[in-house]
Amino acid sequence: MVNSRVEAPTVAGMVGGGGGTAGKLCAGCGGRIVDQILLFSMERYWHTRCLKCSCCHAQLGEYSSTFYSKGGMILCKNDYIRLFGHSGACSACGQSIPFSEMVMRAQGKVYHLKCFTCVTCRNRLVPGDRFHYVNGTIFCEHDRPGGSLLGGHPTPLQANN
């Protein structure tokens with residue numbers, strides 16, 4: 001039994017500046033933004049020089065207009081894939097999973113939402129469903145082998161934002 005999580009990155013981007021930036025404060029340095037271009041991520045505004053990847057500290061406004069926020073971090077594409085992309089392949093069907101797609105996770109493996117199903121009844125499992133993970137195989141609560149496995153108290157899935 002494991003908790004599994006549904007995830008999706010938040011894509012952030014550039015906003016045209018000019019007159020509309022008056023009064024906006026940068027979330028990075030706290031200074032007033034008077035630049036022609038400002039960035040908007042995690043419900044806050046940033047100078048292009050202040051928005052940096054939480055991992056590699058690359059200035060995201062300098063080389064890309066697309067970046068990602070997840071778990072309180074702001075990430076460049078490479079670090080997002082490195083941290084959250086894993087193998088990039090679904091453990092059930094083996095096909096690639098785009099890094100922007102929501103996934104289910106169990107025991108360190110990643111699944112398409114449509115592929116996270118009970119091996120016996122083929123019903124799709126969703127957050128809140130109880131399931132068992134036995135020898136790399138997913139079972140819904142009704143089809144679990146051996147009745148009371150692993151203490152008999154399955155853990156519900158939880159959503160991850």
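Along the sequence, the elements run β-β-β-β-α-β-β-α-β-β-β-β-β. That makes two helices and 11 strands. Helices (H or I, at least four residues) and strands (E, at least two) are DSSP runs, numbered from the N terminus. The model is predicted, so local features need pLDDT of at least 70 and side-chain atom pairs count only at pLDDT 80 or more, while totals for chains, interfaces and linings use all residues. Residues are numbered from 1 along each chain as its sequence is written, and side-chain values use heavy atoms, with hydrogens and water left out.

Strand β9 covers 131–134 and β10 covers 137–140. The two strands pair in the antiparallel sense, over four bridges. Pairing here requires that DSSP finds at least two bridges between the strands.

Now the turn. Two residues separate the strands of the hairpin. Asparagine 135 sits in that loop. Its phi is near 50 degrees, a positive value in a residue other than glycine. Asparagine 135 is exposed because its relative accessibility is 77%, where exposed means over 50% relative accessible area, buried under 20%, and partly exposed in between (1.4 Å probe, protein chains only).

How confident is the predictor in β10? Among the elements of the chain, β10 has the highest mean pLDDT, 92. pLDDT is the predictor's confidence in each residue, on a scale from 0 to 100. At the other end stands strand β1 (residues 5–6), with the lowest mean, 34. Over residues 1–13 the pLDDT is below 50, yet this stretch has 65 contacts in the model beyond near neighbours in sequence. A contact means heavy atoms within 4.5 Å. Residues 148–161 also stay under 50, and there the model has 39 contacts beyond four places in sequence. The chain averages 74, and 71% of the residues score at least 70.

The side chains of glutamate 141 and arginine 144 meet in one, at 3.6 Å, N to O. A salt bridge is a side-chain nitrogen of Lys or Arg within 4 Å of a carboxyl oxygen of Asp or Glu. Side chains of opposite charge can pair when their charged atoms come close. Glutamate 141 is partly exposed at 29%. Arginine 144 is partly exposed at 23%.

The structure holds two salt bridges. Aspartate 35 and arginine 49 make up another, at 3.7 Å, N to O. This pair links distant parts of the chain, 14 residues apart: aspartate 35 lies in the loop between β2 (10–16) and β3, and arginine 49 in the loop between β4 and α1. Aspartate 35 is partly exposed at 23%. Arginine 49 is partly exposed at 43%.

The loop between β4 (44–46) and α1 (60–63) also holds histidine 57. Histidine 57 has a positive phi too, near 65 degrees, and is not glycine. Histidine 57 counts as exposed because its relative accessibility is 55%.

Strand β3 (residues 37–41) contains phenylalanine 40. Phenylalanine 40 is partly exposed at 28%. From phenylalanine 40 to leucine 51 is 11 residues in sequence and 9.1 Å, C-alpha to C-alpha.

Cysteines come next. The structure has zero disulfides, a disulfide being a pair of cysteine sulfur atoms within 2.5 Å. For cysteine 90, the nearest cysteine sulfur is that of cysteine 115, 3.8 Å away. For cysteine 118, the nearest is that of cysteine 121, 3.7 Å away. Cysteine 90 is buried at 3%, and cysteine 118 is buried at 0%.

Last, the totals. Buried residues make up 33% of the 161 in the chain. Accessible surface comes to about 8,700 Å², with 49% belonging to carbon and sulfur atoms. Areas come from the Shrake-Rupley method with a 1.4 Å probe; for residues, only the protein chains shown count as cover. Among contacts between residues at least 6 apart in sequence, 38% join residues at least 24 apart.
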